[in-house]
Amino acid sequence: MGRVVASFKVFPEDVDVSLEEIKKRIKENLPPEASIHKFEEEPIAFGLKAIIAHIILPEDVGGEMDKIENILSRIEKVSQVQFLMVRRV
């Protein structure tokens with residue numbers, strides 16, 4: 001079974017929101033078949049940073065991107081989630 005890495009940009013609600021707390025909640029809420037490859041932080045403006053979450057998923061499971069995007073958008077203190085790309089590993 002092949003694997004893919006899907007990248008999502010996760011925007012916090014405010015500058016004062018702990019990015020480490022959001023990262024922790026992302027790890028806790030992922031389904032068992034998904035795992036974190038790595039996190040990156042991207043400056044947006046005026047001190048606000050977004051988290052780029054690179055998540056490893058099975059290649060052959062349908063609807064997984066939408067499922068992950070919904071999980072990420074329901075995390076407390078997350079204002080928006082943007083799907084960036086997917087690639088095979």
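Four strands form an open sheet in the order β2-β3-β1-β4, and their pairing is antiparallel. The strands at the edges are β2 (35–45) and β4; each has a single partner strand, so one side of each is left without a neighbour in the sheet. On average, neighbouring strands of the sheet are turned by 20° against each other, direction ignored. The model is predicted.

Strands β1 (residues 3–12) and β4 pair in the antiparallel sense over nine bridges. Within this pairing, P12 has V78 in β4 as its bridge partner.

Two helices accompany the sheet. Helix α1 packs on the sheet and touches β1, β2, β3 (48–58) and β4. Helix α2 lies across β1, β3 and β4. The table gives the extent of each helix and its angle to one strand.

| Helix | Residues | Strands touched or crossed | Angle between directions |
|---|---|---|---|
| α1 | residues 19–29 | β1, β2, β3 and β4 | about 150° to β2 |

S79 lies in β4, which spans residues 78–88. Is S79 buried or partly exposed? Its relative accessibility is 47%, so S79 counts as partly exposed. Leaving aside residues up to four places away in sequence, S79 touches F11, P12 and E13. With P12 there is also a polar approach: the backbone oxygen of P12 lies 3.3 Å from a polar atom of the S79 side chain. The C-alpha atoms of S79 and F8 are separated by 13 Å, and these two residues are 71 residues apart along the chain.

Notes: Residues are numbered from 1 along each chain as its sequence is written. This is a predicted model: local features need pLDDT of at least 70, side-chain atom pairs count only at pLDDT 80 or more; totals for chains, interfaces and linings use all residues. Side-chain values use heavy atoms; hydrogens and water are left out. Buried means under 20% relative accessible area, exposed over 50%, partly exposed in between (1.4 Å probe, protein chains only). Contact means heavy atoms within 4.5 Å. A polar contact is a pair of N or O atoms within 3.5 Å; within protein, one must be able to donate a hydrogen and the other to accept it, and residues adjacent in sequence count only if both atoms are side-chain atoms. Two strands pair if DSSP finds at least two bridges between them. Axes are lines fitted to C-alpha atoms, for helices over the stretch in contact, and angles run from 0 to 180 degrees between N-to-C directions.
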